[in-house]
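Please keep the sequence and the structure in view while working through the numbered points.

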Amino acid sequence: MSSDRSIYRISFVNQDKIYEIFARQVYESDLYGFVVVEEIVFGTQSALVIDPAEERLKTEFEAVKRSFIPIHSVIRIDEVEHPGISKIHSLEAGSVAGNVSPFARPAGKKKD
C-alpha cells in the first residue's frame, strides 16, 4: 500500500483522547478488525522547543515495532508529504476534536 517515500498521518481514539501519529506503513491486518501501523515517525523539532504531548508519544511508542489499532478507533488516515508533530487531543466537547463522535465501545464488566 505504501512506497518508501510515503508518510501517513493516522488519527485514532485511545482512552478518550485523539492520538495523531505519523508512520511510513499502514495496512489492513491479518487480525480481523485491526489496522497495522509500522515505522512510526516523529517530527524534527529543535532541542529548544519540546512539546510534552510529542514526548509522551515518543516514550509510549519508542519500543513498538508494529501497532495494531482497532478499525473502529480510526478516525482518519491521510498521506502527507512530510511528518508533522505528533499530538494528543482531548475528546471533550468544545475542544479541537469536539465534533468527532467515536463508535460505541463495549462496556466493562458490571460489578454485582
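**Note on the strands, the core and the confidence of the model**

1. Ile18 stands opposite His89 in β6. These residues belong to a pairing in which β2 and strand β6 (residues 87-90) run antiparallel over 4 bridges. Two strands are said to pair if DSSP finds at least two bridges between them. Helices (H or I, at least four residues) and strands (E, at least two) are DSSP runs, numbered from the N terminus.

2. Residues are numbered from 1 along each chain as its sequence is written, and side-chain values use heavy atoms, with hydrogens and water left out.

3. pLDDT is the predictor's confidence in each residue, from 0 to 100. The protein chain averages a pLDDT of 78, and 70% of the residues score at least 70. Where pLDDT is low, the predicted coordinates should not be read in detail.

4. The protein chain has 1 helix and 6 strands, and from the N terminus on, the order of the elements is β-β-β-α-β-β-β. Contact means heavy atoms within 4.5 Å. Of the contacts between residues at least 6 apart in sequence, 61% join residues at least 24 apart.

5. Strand β1 (residues 7-14) and strand β2 (residues 17-28) pair in the antiparallel sense over 7 bridges, and Arg9 stands opposite Phe22 in β2. The two strands form a hairpin with 2 residues between them, and Gln15 in the turn has a positive phi of about 50°. Asp16 is also found in the loop between β1 and β2, and its phi is near 60°, a positive value in a residue other than glycine.

6. Strand β3 (residues 34-41) runs antiparallel to β2, with 6 bridges joining them; here Ala23 stands opposite Ile40 in β3. The hairpin of β2 and β3 has 5 residues between the strands, and in this hairpin Gly33 takes a positive phi near 90°. β3 and β4 pair in the antiparallel sense over 5 bridges, with Glu38 opposite Arg66 in β4. Within strand β3 lies Glu39, which has a positive phi of about 55° although it is not a glycine.

7. Which residues of β4 form its covered face, and which its uncovered one? Ser67 and Ile69 make up the covered face, whereas Arg66, Phe68 and Pro70 make up the uncovered one.

8. Burial can be stated in numbers. Buried means under 20% relative accessible area, exposed over 50%, and partly exposed in between (1.4 Å probe, protein chains only). Of the 112 residues of the protein chain, 31% count as buried. Asp16 is partly exposed because its relative accessible area is 48%, and Glu39 is partly exposed because its value is 42%.

9. The nonpolar core is the next point. A nonpolar core is a set of buried Ala, Val, Leu, Ile, Met, Phe, Trp, Tyr and Cys residues joined through side-chain atoms within 4.5 Å. The largest one has 14 residues, and Ile10, Phe12 and Ile21 have the most contacts inside it. The elements that give two or more residues to this core are β1, β2, β3 and α1. The largest share, 4 residues, comes from β2.

10. Rings of Phe, Tyr and Trp (its six-membered ring) pair if their centres lie within 6.5 Å; planes under 30 degrees apart count as stacked, over 60 as edge-to-face and the rest as tilted. By this rule there is 1 aromatic pair. Phe12 and Tyr19 form this tilted pair, with 5.5 Å from centre to centre and 35° between the planes. Phe12 counts as buried because its relative accessibility is 6%, and Tyr19 counts as buried because its relative accessibility is 2%.

Definitions and conventions
This is a predicted model: local features need pLDDT of at least 70, side-chain atom pairs count only at pLDDT 80 or more; totals for chains, interfaces and linings use all residues.
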